[in-house]
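I opened this entry to note what I looked up, one item at a time. The structure goes in first.

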Amino acid sequence: MMDTLRIDIFPEVVRREIQDYYEFLLKKYTVDKKNSEIKRPYALAKDEFIVPESFNEPLPDDIINNFYRD
């Protein structure tokens, strides 16, 4: 079991740094259930590229073979 962290032994400036880091970690690792499914904007890359007509065609054998080990 971990001992209790005592920040009162540090100078005030260090305690503030510890508090800031603690708040950073809370934001980073706490899941907000209301916003847990962030929706991406629709058509984010519109007109950035063109999908070729052959997009849904099967890949050539030499490319498919790269997905398998010998």
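I started with Phe 24. I looked up its relative accessibility and got 44%. Buried would need under 20% and exposed over 50%, so I logged Phe 24 as partly exposed. I am working from a predicted model here.

Next I asked which ring pairs with Phe 24. My search for aromatic pairs returned one. The partner is Tyr 21, and the pair is stacked. I noted 6.0 Å from centre to centre and 25° between the planes. The stacked label holds because the planes are under 30 degrees apart. I then placed both residues: Tyr 21 and Phe 24 lie in helix 1, which covers residues 12–29. They are three residues apart, about one turn of the helix.

I turned to charged side chains. In general, side chains of opposite charge can pair when their charged atoms come close. How many salt bridges does the structure hold? I counted three.

Two of my entries share Glu 12. Its salt bridge with Arg 15 has an N to O distance of 2.5 Å. Both residues sit in helix 1, three residues apart, about one turn of the helix. Glu 12 also forms a salt bridge with Arg 16, where the closest N and O atoms are 3.5 Å apart. That pair lies in helix 1 too, with a spacing of four residues, again about one turn of the helix.

Arg 15 is partly exposed at 26%. Arg 16 is partly exposed at 48%.

I then checked Arg 6. Arg 6 forms a salt bridge with Asp 8, and the closest N and O atoms are 3.2 Å apart. I read a relative accessible area of 49% for Arg 6, which is partly exposed. Asp 8 is partly exposed as well, at 48% relative accessibility.

Last, I looked at the whole protein. I found two helices and zero strands. What share of the 70 residues counts as buried? The answer is 0%.

Definitions and conventions
Residues are numbered from 1 along each chain as its sequence is written. This is a predicted model: local features need pLDDT of at least 70, side-chain atom pairs count only at pLDDT 80 or more; totals for chains, interfaces and linings use all residues. Side-chain values use heavy atoms; hydrogens and water are left out. Buried means under 20% relative accessible area, exposed over 50%, partly exposed in between (1.4 Å probe, protein chains only). Rings of Phe, Tyr and Trp (its six-membered ring) pair if their centres lie within 6.5 Å; planes under 30 degrees apart count as stacked, over 60 as edge-to-face and the rest as tilted. A salt bridge is a side-chain nitrogen of Lys or Arg within 4 Å of a carboxyl oxygen of Asp or Glu.
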